[in-house]
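Here is a short briefing on one protein model. Look at the structure first, then read the points below.

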Amino acid sequence: MAQFPEIMHRAFFRTISLLSQRGQGEVLRRYFDWWHRSPDPWRLGSDGYEQLKYATTLGQVPARPYERILEVGCSEGVFTRLLASAHPQAEIMGIDISHRALLRARDRVRESDARTALVQADIVTFASGRPFDLVFCAETLYYVGRHDRLRRASARLTGVLAPGGVLVMVHPWPEAERLHRFVDSDRALSRIGQHVNAATHRPFSVAVYRHAGEPVSLHDDLPGGVR
Ligand SMILES: C[S@@+](CC[C@H](N)C(=O)[O-])C[C@H]1O[C@@H](n2cnc3c(N)ncnc32)[C@H](O)[C@@H]1O
């Protein structure tokens, strides 16, 4: 059962999503810049619950080499840095709507700078010239608000996946069922795993999807680029 603060939180972001797509993006950018006015507002770098979620998430990723990894809603780069250690050969892109968060992420991932790009972007409109073979989206989809925006954001997530690519989504449980529904119903994807941890104060789900098709080398251009 959702708690009152979470119900109010979702209602607030649903109201923002009644704006035009551009207006919503602008309000969210300002809001999350303000939210990041002091470092690590969610204590992602130190909170035990967040560390458990990160470890669980990494443990659900099918073991194979990945060449290009995208993290959506990377905030200050706490998980991005873990990704860089777990996949030292991969190029990694972190996107976030907050410029201020990305400035801190840049400091955090400095050591792996050469292969980590941090880009200000809105998931509702994000597009990439090159696909990714591993995409993460954690604790971000409930900010996009209404049905139509969630559908668009979900289409962006699946649209940047390469054939055979893997998408990992992490959100509170059971709300994840609502947030992941458009990806669940995308016929180009199959859900290959789901881990629900209901034994914490805030249950969460890690859902893993695989895009149809054989994995391809992303060092070569795909015909037609990103779908
Ligand atoms: C709760 S934090 C989650 C950070 C990270 N994914 C994690 O799980 O540790 C959510 C992040 O999503 C970003 N965000 C919110 N709406 C976004 C949007 N429409 N596009 C891109 N990033 C967004 C926020 O700026 C914030 O940094």
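**Glu 139 and the elements around it**

Glu 139 sits in the loop that links strand 4 to helix 6 (147-159). This is a predicted model.

**Glu 139**

- Glu 139 is not a glycine, yet its phi is positive, at about 55°.
- Is Glu 139 buried or exposed? Its relative accessibility is 14%, so Glu 139 counts as buried; the cut-off for buried is under 20%.
- Which residues touch Glu 139, leaving aside its neighbours within four places in sequence? The contacts are Lys 53, Val 170, His 171, Pro 172 and Arg 202.
- One of these contacts, Lys 53, is among the buried residues of helix 3.

- Strand 1 covers residues 68-72, and five of the five are buried, so the strand is largely enclosed by the rest of the structure.
- Arg 68, Leu 70 and Val 72 point one way from strand 1. Ile 69 and Glu 71 point the other way. Both sets are buried.
- Strand 1 pairs with strand 2 (residues 91-96) in the parallel sense, over five bridges.
- Within strand 2, Ile 92 is the residue that stands opposite Ile 69.
- Between strand 1 and strand 2 the chain passes through helix 4 (residues 78-86), and this β-α-β crossover is right-handed.
- Strand 1 also runs parallel to strand 4 (residues 132-138), joined to it by four bridges.
- Here Glu 71 faces a residue of strand 4: Phe 136 stands opposite.

**Helix 3**

- Helix 3 spans residues 48-60, which is 13 residues. From first C-alpha to last, helix 3 reaches 19 Å, close to the 18 Å expected at 1.5 Å a residue.
- A cap is found at the N-terminal end of helix 3: a side-chain oxygen of Asp 47 lies 3.0 Å from the backbone nitrogen of Tyr 49.
- Which residues of helix 3 are buried? They are Tyr 49, Glu 50, Lys 53, Tyr 54, Thr 56 and Thr 57.
- Ala 55 and Gly 59 are exposed, on the face of helix 3 turned away from its buried side.
- What covers the buried residues of helix 3? The cover includes helix 4, strand 4, strand 5 (161-172), strand 6 (189-197) and strand 7 (204-211).

**Helix 6**

- Helix 6 has 13 residues, which should span 18 Å at 1.5 Å a residue; its end C-alpha atoms are 18 Å apart, so the two values agree.
- The buried residues in helix 6 are Asp 148, Arg 149, Leu 150, Ala 153, Ser 154, Leu 157, Thr 158 and Gly 159.

**Other loop sites**

- Arg 43 lies in the loop between helix 2 (21-35) and helix 3.
- Arg 43 has a positive phi of about 55° and is not a glycine.
- Arg 43 has 47% relative accessibility, so it counts as partly exposed.
- Where is Pro 174? Pro 174 is in the loop between strand 5 and helix 7 (175-179).
- The peptide bond leading from Trp 173 into Pro 174 is cis, with omega near 10°.

Notes:
Residues numbered from 1 in each chain as written. Predicted model: local features only at pLDDT ≥ 70, side-chain atom pairs only at ≥ 80, totals over all residues. Heavy atoms only, no water. Buried < 20%, exposed > 50% of the residue type's maximum accessible area, 1.4 Å probe, protein only. Helix = DSSP H or I, 4+ residues; strand = E, 2+ residues; numbered from the N terminus. Pairing = 2+ DSSP bridges. Right-handed = clockwise from strand over helix to strand, strands pointing away. Expected span 1.5 Å × (residues − 1). Contact = heavy atoms within 4.5 Å. Polar contact = N/O pair within 3.5 Å; in protein donor to acceptor, adjacent residues only side chain to side chain.
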